[in-house]
Amino acid sequence: MRAIHIVTTRLSSSFIRPVLLDFVSCSPLRQFSTPRRFICAASKVNGGGRSGYATPQLALHHFKEVSRLFGYEEVDFPVLETEALFIRKAGEEIRDQLYCFEDRGNRRVALRPELTPSLARLVIQKGKSVSLPLKWFAVGQCWRYERMTRGRRREHYQWNMDIIGVPEVTAEAELISSIMTFFKRIGITASDVGFKVSSRKVLQEFLKKYGVPEDLFGRVCFIIDKIEKIPIDEIKKELGFTGISDDAIEQLLQVFSVKSLDDLEDILGGAGEAIADMKQLFSLAEKFGYSEWIQFDASVVRGLAYYTGIVFEGFDREGKLRAICGGGRYDRLLSTYGGDDIPACGFGFGDAVIVELLKEKDLLPELGQEVENIVCALDKDLQGAAATVATALRDKGQTVDLVLESKPLKWVFKRAARVNARRLVLVGKTEWEVGSVSVKVLSSGEQFQVKLNDLE
Ligand code: HAM
């Protein structure tokens, strides 16, 4: 099997992209100006129903805007990775959801189900060449072979923000603040959405107290993560399979049903690290201004094995939808990929649930296409002149839909209405001979002739 060479290229001052040479050709840097509307092809595999998909760009636009507002740097990762990158020992659900196959070189590869492993690898590659902390964001498609339900797709866009190199709870507090900022920007309030927060250290402290082996940590986390999804007897049965005693299971379930820090402190018998972290987070939430959004809930553990400390998830208060977003601290992930551990935390935020929520709240605008000008030659011989006009306008930063064929005016007006054009710029023989064009402002009907150089 051939070795896989991974190199990291810095393609622009604000965009870091690792290139997995064996798998993915180095595509040119996509300019990340967000189109007002993008059409996404539907297929039976990715969930269908995505044609005319005007939704993501509202989310994608604000994902990126908010990340920049918080001073994060954009990173990008290969879509196709080695399967091994996503397989962790703990046997998470995500492993069974991989879109994986053998490539033509007999290598096991997978479409990425998440971005964090690629990010961890990039941090390791960068090594000491970068100064910490890193504040990175990424937005990209992920694939998971999930049962498709409302807000869960086999293909989704995921926004990630991660902080690498900060052990303090201030990092989690800022990450939650950025998510809250996103919600506010799209019109979602604290009465629509909340954040449940807890810490996996609660479980660590519990396991220690009951003498349960630490290596059961990951397994117990996945089971607890299902508390609100499957009947409690199933949870007990699964916990029983791990070898934890019936008594400890009862205690454990009691711990995970706790909704107040004081009660947790009582049960755990004192203020441990988990309690201290939570208290600091709640105090910072007040300072960042999102206290009314967050609440402690011990049942939140998140389903991924690598979280080690604070974990959080966004939820709709009506309880109709799956988690809107989720994340946490993963201080020990890097060493699982052969690097030195660096404290890190972050979140993933998919485009699917939020769109469902926006629909529920009637906050999803019908975004149509918009251009400033439609430029049209009135004569086939003037198509070159129309191209010159289009270029002149585009050079001035105006958006132009150039009519590329000879079409009757009726057709041009229809098209102008469809693309919401502001003006019609007609290139006719007489006007063009004196370097002018005819302009019709479509909203008012006002019509005038203007020299091309004066056309603003
Ligand atoms: P996750 O909890 O597996 O975490 O997913 C994060 C978010 O991605 C979910 O809350 C949801 O918004 C979205 N998501 C996941 N699967 C689907 C799906 N099938 N359809 C639609 N949306 C989905 C992670 O992926 C971590 N890597 C996040 C992270 C980044 N933690 C630290 N940094």
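**The ligand and its surroundings**

A nitrogen atom of the ligand lies 2.7 Å from an N or O atom in the side chain of Tyr-307. Please bear in mind that this is a predicted model. A nitrogen atom of the ligand is also 2.7 Å from a polar backbone atom of Arg-153. On the oxygen side, a backbone N or O atom of Gly-350 is found 2.8 Å from an oxygen atom of the ligand.

How much of the ligand's accessible area does the protein cover? On its own the ligand has 650 Å² of accessible area, and the protein covers 97% of it. Strands E8 (155–164), E12 (325–329) and E13 (344–350) are the elements that each give two or more residues to the shell around the ligand. Of these, E13 gives the most, with 5 residues.

The ligand is surrounded by 26 residues, and the closest are Glu-114, Thr-116, Arg-153, Arg-302 and Tyr-307. Sorted by class, the shell holds 10 nonpolar, 9 polar and 7 charged residues.

**The aromatic rings**

I turn now to the rings. Over the whole structure, a search finds 16 aromatic pairs. One of them joins Phe-63 and Trp-159, a stacked pair with 4.7 Å from centre to centre and 20 degrees between the planes. Because Phe-63 sits in helix H1 (residues 55–69) and Trp-159 in strand E8, this pair ties together parts that are 96 residues apart in sequence. Both Phe-63 and Trp-159 are buried.

Phe-288 and Tyr-290 also form a stacked pair, because their planes stand at 25 degrees, with the ring centres 6.1 Å apart; the cut-off for stacking is under 30 degrees.

**Phe-195**

Phe-195 belongs to strand E9 (residues 193–199) and is buried, with a relative accessible area of 0%. Leaving aside neighbours within four places in sequence, Phe-195 has contacts that include Ile-176, Met-180, Phe-183, Trp-293, Glu-313 and Cys-325. Phe-195 and Phe-296 are 101 residues apart in sequence, while their C-alpha atoms are 8.4 Å apart in space.

Definitions and conventions: Residues numbered from 1 in each chain as written. Predicted model: local features only at pLDDT ≥ 70, side-chain atom pairs only at ≥ 80, totals over all residues. Heavy atoms only, no water. Near = heavy atom within 4 Å. Polar contact = N/O pair within 3.5 Å; in protein donor to acceptor, adjacent residues only side chain to side chain. Areas by Shrake-Rupley, 256 points an atom, 1.4 Å probe, with all protein chains shown as cover. Helix = DSSP H or I, 4+ residues; strand = E, 2+ residues; numbered from the N terminus. Nonpolar A, V, L, I, M, F, W, Y, C, P; charged D, E, K, R; others polar. Buried < 20%, exposed > 50% of the residue type's maximum accessible area, 1.4 Å probe, protein only. Contact = heavy atoms within 4.5 Å. Phe/Tyr/Trp six-rings, centres within 6.5 Å; stacked < 30°, edge-to-face > 60°.
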